[in-house]
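Visitor: I am new to this structure and would like to be walked through it with a few questions.

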Amino acid sequence: MTRVIFVRHGQTSWNQEGKYQGHSDISLNERGVRQGNLVAKRLANEKISAIYSSDLLRAQQTAEAIAGYHGLSVITKPEFREINFGIWEGLTYQEIMEDWSEILTAMYDKPGEFGPPQGESFQAVKQRVTYALQECIKEHQEQNIVLVSHGGTMRVLLCAALAIGLDKMWSMRQDSSAINIIEYVDNRAIVALVNDTWHVRNINLD
């Protein structure tokens, strides 16, 4: 069995402002740094063999905080990036609805089929992230690994683990610094934990 601890990155200023980030390389804000430190402390006593991350800064910063407790180097892979939101990056939901309401609605109704202009669909995201994850699992049989990624990416991986369609992906919350755990046994995936944010319960009261 390979046990994968998936972590969503901490908060950024664009998260706070409701802007679509995608491949834009935005760093953690002060709250996000705190969230990263708290999730790192939460995982400090886990036996971890490797820490993987999206190559985007917000994920790397969160992964580095975790790695600090384990004496490991973070392995970055662009395949674990968030969806490419194309020309929507940096815009809010309201701004996108003004000019692309039909496309945006279609993307939320059928995320596997529709994507942003000059971006990608979640089906394309699924293809790249599941292949990269399978390679990691092969390399770490009978080990625990951490993967720090993004909200959309995590929803896609949870849908794949549960063998459900991508049209269900928006039914799953993925909060900043949330922990998800999936155990991979032979050709089966067992979802053990979803969107756990217990480690940031106190700062969520700020």
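Predicted model: local features only at pLDDT ≥ 70, side-chain atom pairs only at ≥ 80, totals over all residues.

Visitor: Are helices H5 and H6 roughly parallel or roughly perpendicular to each other?
Guide: Helix H5 covers residues 122–139 and helix H6 covers residues 151–162, and their axes lie 9 Å apart at an angle of about 75°. Because angles of 65 to 115 degrees count as roughly perpendicular, the arrangement of H5 and H6 is roughly perpendicular.

Visitor: Which residues of H6 meet H5?
Guide: On the side of H5, the residues in contact are Phe122, Val125, Lys126, Val129, Thr130 and Leu133. By class, the contact of H5 with H6 has seven nonpolar, three polar and one charged residues. From H6, the residues that meet H5 are Gly152, Thr153, Val156, Leu157 and Ala160.

Visitor: Which helix supplies the largest share of the lining of the largest pocket?
Guide: The largest pocket holds about 610 Å³ of space, and among its 29 lining residues, Arg8, Asn15, Gly151, Arg155 and Gln174 lie nearest its centre. Helix H1 (13–17), helix H2 (30–42) and H6 each supply at least two residues of that lining. The largest share, three residues, comes from H6.

Visitor: Which element gives the most to the lining of the second largest pocket?
Guide: The second largest pocket has a volume of about 420 Å³, and its lining by class has nine nonpolar, five polar and three charged residues. At least two lining residues each come from H5, H6, strand E5 (179–185) and strand E6 (188–196). With five residues, the element that gives the most is H5.

Terms used: Residues numbered from 1 in each chain as written. Heavy atoms only, no water. Axes fitted to C-alpha atoms, helices over the stretch in contact; angles between N-to-C directions. Helix = DSSP H or I, 4+ residues; strand = E, 2+ residues; numbered from the N terminus. Parallel < 35°, antiparallel > 145°, perpendicular 65-115°, else oblique. Contact = heavy atoms within 4.5 Å. Nonpolar A, V, L, I, M, F, W, Y, C, P; charged D, E, K, R; others polar. 1 Å grid on protein atoms, 1.4 Å probe; cavity = no way out; pocket = protein on both sides within 12 Å on 5 of 7 lines; lining within 4 Å. Points joined across faces, edges and corners; volume = space filled by probe spheres on them.
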